[in-house]
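I opened this entry to keep track of what I looked up. The notes follow the order of my looking.

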Amino acid sequence: MGFLRFPASDKAALETSGRGNRYFWFTRLRLQRTVLRKMSGVYLSLVALLLVFICQIPAIRGQECPGTQELQNSLRQAHKLLSTHEASYLQSLRTLRKKLSLLQNSAARLPTKANNVTCPKLEAPLNGRKLGKILLPGHEVHFLCDLGYELVGSETRQCKESLTWSGQQPVCKEINECASSPCANGGTCTDEVNGFACECAKGWAGSTCQSPTPTFFVTITNMSAATAGAAAATSFPLATPSLLVRPSKCSQVQGTTYCTCEAGYTISGRDTSICTDIDECELFHNGQAGRLCLHACVNTPGGYRCTCPVGYNVTQDGRSCRDIDECATRQNNCTRDQLCVNTYGGFQCVKVECPRIRNATYVKTSPTRCERNPCPVDNKACSQAPNSVSHHYMSVVSNLSAPRVMFRVSAVRVLGDTLRFALLGGRGRRHFTVQRSDRQTGQLMLVSPIQGPATLEVEVEMSELERRVQIGCYITKITLFVSQYEF
């Protein structure tokens with residue numbers, strides 16, 4: 001640091017007064033020594049300039065400078081201030097030196113090899129795969145099974161501080177698709193990988209033996225010529241008061257009489273001249289999958305007719321039922337602030353409301369989504385509240401086969417190092433579980449059939465963590481409207 005320099009004009013003005021000259025050079029010398037000794041030029045220069053100009057201005061105006069005692073007092077105060085700063089700097093250096101020493105001692109106690117601070121390597125289960133490669137404490141490894149297999153054991157395992165894994169090693173067990181008896185009408189089920197095959201009993205066909213094979217009713221009666229003539233004389237015409245009974249049509253060929261009935265009728269008993277209506281609804285009433293009609297069957301003379309419950313229409317094949325979308329066709333009474341949800345056989349009017357939490361507020365960003373408003377910096381309770389709450393509504397049939405995937409939750413972009421999926425409370429929670437399908441996606445699984453009609457609610461939580469500290473939470477509320485029908 002160099003000496004303080006003043007303009008020549010100012011110096012000449014000061015030299016007009018002898019006393020000012022002495023004060024000036026005395027002050028300049030003291031300031032230079034102090035600056036060089038304290039190494040705090042900024043503070044000292046400001047003080048020195050202030051004192052010099054206090055003396056400089058009166059000298060320029062022809063007035064006397066402050067006394068020697070007053071200048072010395074000011075310089076002593078400046079010296080005292082610099083000494084205080086110097087002590088503070090020295091104390092900070094001593095504290096920093098202690099912290100560095102502690103860090104050095106801690107580092108010396110750490111193991112020298114990275115392999116000693118990792119958990120043992122885990123293998124992927126047979127017919128499955130493993131997600132996650134980091135084996136350090138606090139990190140997680142996730143397991144998935146191939147299609148057609150279910151996971152038995154721990155879906156997620158975490159490396160603990162003791163360098164051991166939490167949970168148990170999982171295995172992938174083949175799903176027995178025949179457990180739900182999918183083959184109807186006496187069919188035999190054979191379990192296959194990711195599927196099943198049905199061997200149908202006589203008279204049935206289809207992937208689940210649900211369709212009856214065509215059957216023809218023909219009666220052939222052998223008679224003598226005399227008897228046949230009498231029978232033929234009495235067979236045509238025959239007046240029948242009931243539509244369920246009609247005369248047969250007989251023909252004689254080489255002494256043998258053949259009698260047949262119209263479609264939908266059959267000869268009953270020994271009287272070959274009378275055809276009785278076949279009750280197809282009763283004949284093929286051997287289980288839901290094997291019925292002629294998906295819902296209800298009405299027997300008619302020589303045939304049958306299928307009907308559907310309210311909220312359905314009969315399809316073009318005359319046997320199945322198709323749901324009427326009351327929301328799309330505007331056959332509902334939902335108000336403007338309500339959302340119309342079509343269900344099997346009807347509809348539901350729902351109103352989505354944002355959660356009311358004491359320390360956080362939410363705003364609706366879409367008809368089914370609410371997002372949290374920004375939290376104050378010092379409001380920790382607000383930051384722990386869910387970042388968003390989404391509502392989803394699903395319509396399912398009764399006794400839906402399980403297991404099956406019902407819903408998937410995925411993160412578009414991940415800020416932390418870990419994602420966790422959990423199943424929260426709700427009506428019907430026992431029917432569901434949450435599994436991970438990949439590193440950024442969780443799926444809601446139906447584990448047992450649900451008998452309708454019913455309305456179930458379940459919540460799926462997706463948490464985002466950074467070094468085991470939660471930095472985000474997202475809630476998905478799923479409502480299932482289960483129909484009373486299986487179609």
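Predicted model: local features only at pLDDT ≥ 70, side-chain atom pairs only at ≥ 80, totals over all residues.

**Entry: the whole protein**

I looked up the confidence. The mean pLDDT is 77, and 76% of the residues reach 70 or more. Over residues 31–36 the pLDDT stays under 50, and the model gives this stretch 14 contacts beyond four places in sequence. Residues 214–241 are also below 50 in pLDDT, with 36 contacts beyond near neighbours in sequence.

Next I looked up the make-up. The protein has seven helices and 30 strands. Of its 487 residues, 33% are buried. Among contacts with a separation of 6 or more, 47% are between residues 24 or more positions apart. The accessible surface is about 30,000 Å², and carbon and sulfur atoms hold 53% of that.

**Entry: helix α4**

I checked the length of α4, which runs over residues 68–109. At 1.5 Å a residue its 42 residues should span 62 Å, and the end C-alpha atoms are 62 Å apart, so the two values agree. Which residues of α4 are buried? I noted L71, L75, A78 and L82.

**Entry: salt bridges**

I found six salt bridges listed for the structure, and I followed three of them.

The side chains of E140 and R420 meet at 2.7 Å, N to O. E140 is in strand β2 (residues 140–145) and R420 in strand β26 (residues 418–423), so this pair ties together parts 280 residues apart in sequence. E140 has 11% relative accessibility and therefore counts as buried, while R420, at 33%, counts as partly exposed.

R246 pairs with E262, and their closest N and O atoms are 2.6 Å apart. R246 sits in strand β11 (residues 245–247) and E262 in the loop between β13 (256–260) and β14 (265–267); they are 16 residues apart. R246 is partly exposed at 28%, and E262 is partly exposed at 36%.

D337 and K351 form a salt bridge at 3.4 Å, N to O. D337 belongs to the loop between β19 (321–323) and β20 (339–343), and K351 to the loop between β21 (346–350) and β22 (362–366), so the pair ties together parts 14 residues apart in sequence. D337 has a relative accessible area of 46% and is partly exposed.

**Entry: E461**

I then turned to E461, in strand β29 (residues 454–466).

**Entry: T156**

T156 lies in strand β4 (residues 156–158). Its relative accessible area is 33%, so T156 is partly exposed. Residues up to four places away in sequence aside, T156 touches E140, V141 and H142. I also looked up R436: its C-alpha atom is 8.9 Å from that of T156, although the two residues are 280 apart along the chain.

**Entry: backbone**

I ended with the backbone, keeping in mind that most residues other than glycine have a negative phi, and most peptide bonds are trans.

The bond joining A402 and P403 is cis, with omega about 0°. P403 is in the loop between β24 (388–396) and β25 (404–410). The bond from G452 to P453 is cis as well, with omega near 0°, and P453 is in the loop between β28 (441–446) and β29.

N127 has a positive phi, near 65°. N127 is in the loop between α4 and β1 (128–131), and at 29% relative accessibility N127 counts as partly exposed. The phi of R330 is positive too, near 60°. R330 is in the loop between β19 and β20, and with a relative accessible area of 74% R330 is exposed.

Technical notes
Residues numbered from 1 in each chain as written. Heavy atoms only, no water. Helix = DSSP H or I, 4+ residues; strand = E, 2+ residues; numbered from the N terminus. Expected span 1.5 Å × (residues − 1). Buried < 20%, exposed > 50% of the residue type's maximum accessible area, 1.4 Å probe, protein only. pLDDT = per-residue confidence, 0-100. Contact = heavy atoms within 4.5 Å. Areas by Shrake-Rupley, 256 points an atom, 1.4 Å probe, with all protein chains shown as cover. Salt bridge = Lys/Arg side-chain N within 4 Å of Asp/Glu carboxyl O.
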